[in-house]
Amino acid sequence: MARTIFHLDMDAFFANVERVLNPSLKSKPLIVGGNPEGRGVVSSASYEARKYGVHSAMPMSRAKKLCPHAVIVTPRHGRYGEFSGRIYRILQTYAPLVERASIDEFYLDLTGCERLYGHMLRLAGKLKEVILRETGLPCSIGIASNKLVAKVASGQAKPDGLLRIPPGEESLFLSRLPVKELPGIGETTHKKLRDRGIRTIGDLARFPRDLLASSFGKVGESLGERARGVDREEVRERGRQKSLSQETTFESDSDDPVFLKTTLSHLVEEVGYRLRKQGMKAKTVSLKVRYSDFRTITRSRTVGEVDGNAEIYRIVRELLEKAHTRRVRIRLLGVCLSNLTPAVAQKQLFEDERERRKSSLYRSLDRIRDKFGLKLHFGSSIWRR
Ligand SMILES: [Mg+2]
C-alpha cells in the first residue's frame, strides 16, 4: 500500500517570525542575519528581499549591496524555537506520526487517514490555515508516497503552496527538475555530476548503475535510486532537534589564541544554554574551523553525556589545540552538540553531590539569562535574548 507523507516547510521562517513579533516589518524586504559591516551571513530572507537575489548563507555584505533598502534583523534563535514548538504541537493533533526534521520542517505520516480526513489536499489546506491563524506564519506542503518526493514537492510549491504527487508519478515529477534539487546533493557531488553531463534528475535516473557505483561508491547506488523517486525512510517521531550548533565568522581572520578561546567560550555558552533549555544532554561535541583559505575541518569527540558549559568548553578547546596545526589564520569557529538525549531521566539519579551542585548552578545562570537577557558581542554576531 502506498504511504501518504506530508512535508511541511515554513516559508522564510526566521524572517516571518520577526514580522509576527514586529508587524511594522510587514511587506518590507527583510533580512535576518549577522552584521553587514562585518562578515556575517544571511540566515533567512523575506521573499521581497529574495527578489533582489538575496538568499540564505550569502555574505551579509553582498546581500546589503543587492538590496540596500532591506531591513536587517539579528537572529533570535530562542524565539524561533518557541514558534517551532507551537507548530509541532498543532501538527501532533492532526497526524498520528510527526517528525521534526529541523526547526522549520516537519514530516507527517498520514497513511490510512483518508477515511478520517477525506482528500489529502483538503487536509493540507486546513493545516496551512490553522498554522497561519494560530501563529501568523505561512508554510508550504508537499504530499507524496515518501519523504524524499514530499520534500522536493514542498520546495516546488513554495511560497505558500501545496503540491501533491500521486503514487506512481514520483519519477516523472522528479525527472524534469535540475539535479541539484534532489536532497542530499552537495556542491562537490553536483560538480561531479555536471562533469558527467548529468543536468536533470532524469539524467541521473537514466545513468548506468555500475558507472554511478564506480564514480561515487556506495552513495552512487542510492543516488540512482533516489533519482527514480524511491525512498524507504520512515517518518520518525522525534520532537527534539538532532543537534544544536552555533558558529561565527570573524571581522578579520585571527590566530590570536586568547581571542580564539574567548570566542569558543561564547559559542559554548550559547549552545549550552539552548541545550539545557531543551532539557537535553549531548553525547557528541564537535568543533568546526574554517581557515582564511576557506579550508574547513570538523573534529568531534563522543563523550558520556554533557550539558555543562565547563565540560563542553574543555572538550572544544582540546579539539582546537589538536586540530589547529596549520600556520594559517582562522576565519570561522563553530561548536556543535549532537547525539542529544533527554536529561530528565538523570535528574533524579544524581548521586554525586558535586554534579548536582554544578547542574543547579547552570540552571540558575540560565534563569538569570532568561530574566535579564544576555548580550554577547564578538566576531560579527550579536546575540540577544
Ligand atoms: Mg523553510
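Predicted model: local features only at pLDDT ≥ 70, side-chain atom pairs only at ≥ 80, totals over all residues.
In helix H1, the residues Phe13, Phe14, Ala15, Asn16, Val17, Glu18 and Arg19 are buried. Seven of the nine residues of H1 are buried, so the helix is largely enclosed by the rest of the structure. What covers those buried residues? The cover includes strand S1, at 5–10, together with S2, S3, S4 and helix H4, at 77–92.

Alanine 12 sits in the loop between S1 and H1. Although alanine 12 is not a glycine, its phi is positive, at about 35°. Is alanine 12 buried or exposed? Alanine 12 has 24 C-beta neighbours inside 10 Å and therefore counts as buried.

Three strands make up an open sheet of mixed pairing, and their order is S3-S2-S4. Strand S3 (42–45) and strand S4 (71–73) are the edge strands, each pairing on one side only. From one strand to the next, the twist averages 25°. Helix H1, residues 13–21, packs on this sheet and touches S2, S3 and S4; the direction of H1 makes about 110° with that of S2.

Within the sheet, strand S2, residues 30–33, pairs with S3 over three bridges in the antiparallel sense. Glycine 33 stands opposite valine 42, which belongs to S3. Which residues does isoleucine 31 contact, if its neighbours within four places in sequence are left aside? They are Val42, Ala45, Ala49, Val54, Ala63, Ala70 and Ile72.

The next item is the other sheet I wish to describe. This open sheet has five strands in the order S5-S6-S1-S7-S8, again with mixed pairing. Strand S5 (97–102) and strand S8 (162–164) stand at its edges with a single partner strand each, so one side of each has no neighbour in the sheet. Here the twist averages 15° from one strand to the next. S1 and strand S6, residues 105–109, run antiparallel and are joined by five bridges. Histidine 7 has tyrosine 107 in S6 as its bridge partner.

H7 lies across S1, S6, strand S7 (139–144) and S8, and runs at about 140° to S7. In the loop between H7 and S8 we find proline 159. The peptide bond leading from lysine 158 to proline 159 is cis, with omega near -15°.

In soluble globular proteins, nonpolar side chains tend to be buried together. In this model the largest nonpolar core has 62 residues, and those with the most contacts inside it are Phe6, Ile31, Leu108, Ile141, Val149, Ala153 and Leu204. Helix H7, residues 147–157, supplies the largest share of this core, namely six residues.

Not counting residues up to four places away in sequence, glycine 334 touches Ser245, Gln246, Glu247, Leu267 and Lys288. One of these, leucine 267, is 67 residues away in sequence, yet the C-alpha atoms of glycine 334 and leucine 267 are 7.1 Å apart in space.

One further loop residue deserves mention. Phenylalanine 294 is in the loop between strand S10 (280–291) and strand S11 (296–306). Its phi is near 75°, a positive value in a residue other than glycine. Phenylalanine 294 counts as exposed, because it has 8 C-beta neighbours inside 10 Å.

I close with the chain as a whole. Its secondary structure comes to 16 helices and 14 strands. Of its 385 residues, 38% count as buried. Among contacts with a separation of 6 or more, 63% are accounted for by residues 24 or more positions apart.

Key:
Residues numbered from 1 in each chain as written. Pairing = 2+ DSSP bridges. Helix = DSSP H or I, 4+ residues; strand = E, 2+ residues; numbered from the N terminus. Axes fitted to C-alpha atoms, helices over the stretch in contact; angles between N-to-C directions. Contact = placed C-beta atoms within 7 Å. Core = buried A, V, L, I, M, F, W, Y, C linked by C-beta atoms within 7 Å. Buried ≥ 20, exposed ≤ 12 C-beta atoms within 10 Å, placed from the backbone.
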